[in-house]
Amino acid sequence: MSGERKLIIWLLVAGCLARTAFLLLYDPLFFNDSNDYLQLARIIASGDFSGYNGARTPLYPLIIILFNFNIQALVIFQFGLGLLISLIIYQSFKQIFASSQIGFATGLSYALNPSQIVFEYALLTETVVTVLICLSFFAFIVALRKDGNQWLALLVGILSSSAALTKPLFQFLPLLFSLIFACFFYFKIERKLSRALTGFALVILPACLILGGWSFFNYNKTGTFAVTTLAGFNLSNHTGAFIEYAPEQYGQIKEIYLPVSYTHLTLPTN
């Protein structure tokens with residue numbers, strides 16, 4: 001048995017033991033978001049979108065439907081995805097550093113990471129989106145090593161768009177990959193604008209079809225052209241930490257957003 005095969009076996013055994021411990025000690029975990037995914041899964045399964053609000057994206061609910069709402073089977077599937085992620089990380093870092101030992105160390109750091117195992121044991125999108133991002137990154141690495149293989153570039157577009165359709169926070173991924181491919185095709189392959197545009201289009205077109213298609217669906221159902229109707233809410237959450245520094249021209253928005261400051265309160269006097 002080769003040394004690399006032994007490392008892979010040890011990686012999988014360690015990951016399996018850690019996940020088996022969770023199976024024996026805990027019940028599947030539910031969070032507030034879990035109910036939203038279950039609700040959308042029921043809506044999709046029934047075909048009745050009268051109660052649909054566009055807040056959640058469909059990929060994870062489709063997986064819930066695939067397992068017939070069997071939560072125990074779903075989390076075991078997510079444990080399997082966790083092992084797959086460990087292998088992808090192993091292969092990715094092995095490719096980058098040309099070292100099986102570095103690949104094993106990074107893969108093991110994921111396989112035995114308790115916080116990641118908790119996500120795998122919960123009814124949440126984190127594990128599914130992580131495997132899609134890792135697959136995107138690995139396909140990206142291989143594509144660059146193969147001098148910009150066009151089929152792999154297209155695969156990167158599909159995988160990264162699927163990650164964004166699982167968790168809209170990652171909508172930037174297809175654009176990021178497409179820009180890198182465009183630069184690679186132009187500077188590494190041929191200094192032709194047509195080649196750069198080809199590299200860009202191979203990644204961005206799947207995003208336009210997948211994310212644009214779902215946005216159009218949301219527009220028909222909710223009147224909002226977006227991957228999720230929570231986009232504005234999410235942006236507000238991200239700006240909350242520094243909204244107080246907004247220029248005066250946005251003062252009205254700032255005053256609405258921020259809680260009442262103690263400096264504006266008049267304390268009662270005796």
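Student: How do you know how many helices and strands the protein chain has?
Tutor: This is a predicted model. DSSP runs decide the count. The protein chain has 12 helices and zero strands. Read along the sequence, the pattern is α-α-α-α-α-α-α-α-α-α-α-α.

Student: What share of the protein chain counts as buried, and what makes a residue buried?
Tutor: Buried means under 20% relative accessible area. Of the 270 residues, 40% count as buried. The protein chain exposes about 15,400 Å², and carbon and sulfur atoms supply 65% of that area.

Student: Why is the pair E120 and R19 called a salt bridge?
Tutor: The cut-off is 4 Å between a side-chain nitrogen of Lys or Arg and a carboxyl oxygen of Asp or Glu. The closest N and O atoms of E120 and R19 are 2.7 Å apart. That value is within 4 Å, so the pair is a salt bridge.

Student: Where do E120 and R19 lie in the chain?
Tutor: E120 is in helix α6, residues 114–120, and R19 is in helix α1, residues 3–25. The two are 101 residues apart, so the pair links distant parts of the chain. Both E120 and R19 are buried.

Student: What makes D33 and R56 a salt bridge?
Tutor: Their N to O distance is 2.9 Å. The limit is 4 Å, so D33 and R56 qualify. D33 sits in helix α2, residues 32–46, and R56 in the loop between α2 and α3, 23 residues away.

Student: What makes D33, D36 and R56 one network?
Tutor: Salt bridges that share partners join D33, D36 and R56. By the 4 Å rule, the count comes to five salt bridges.

Student: Which residues of α3 are buried, and how do you know they share a side?
Tutor: Y60, P61, I63 and I64 are buried in α3. They cover an arc of only 155 degrees around the axis, which puts them on the same side of α3. Their cover includes α2, α4 (71–97) and α7 (126–145).

Student: What follows α3?
Tutor: N68 follows α3, and its phi is positive, near 55 degrees.

Student: What share of contacts join residues at least 24 apart?
Tutor: Among contacts between residues at least 6 apart in sequence, 67% join residues at least 24 apart.

Student: How many positive and negative side chains does the protein chain have?
Tutor: There are 15 positive and 12 negative side chains. The centres of the two sets lie 15 Å apart.

Terms used. Residues are numbered from 1 along each chain as its sequence is written. This is a predicted model: local features need pLDDT of at least 70, side-chain atom pairs count only at pLDDT 80 or more; totals for chains, interfaces and linings use all residues. Side-chain values use heavy atoms; hydrogens and water are left out. Helices (H or I, at least four residues) and strands (E, at least two) are DSSP runs, numbered from the N terminus. Buried means under 20% relative accessible area, exposed over 50%, partly exposed in between (1.4 Å probe, protein chains only). The arc is that of the directions from the helix axis to the C-beta atoms. Contact means heavy atoms within 4.5 Å. Accessible areas come from the Shrake-Rupley method with a 1.4 Å probe; for residues, only the protein chains shown count as cover. Lys and Arg count as positive and Asp and Glu as negative; His and the chain ends are not counted. The place of a charge is taken as NZ of Lys, CZ of Arg, CG of Asp or CD of Glu.
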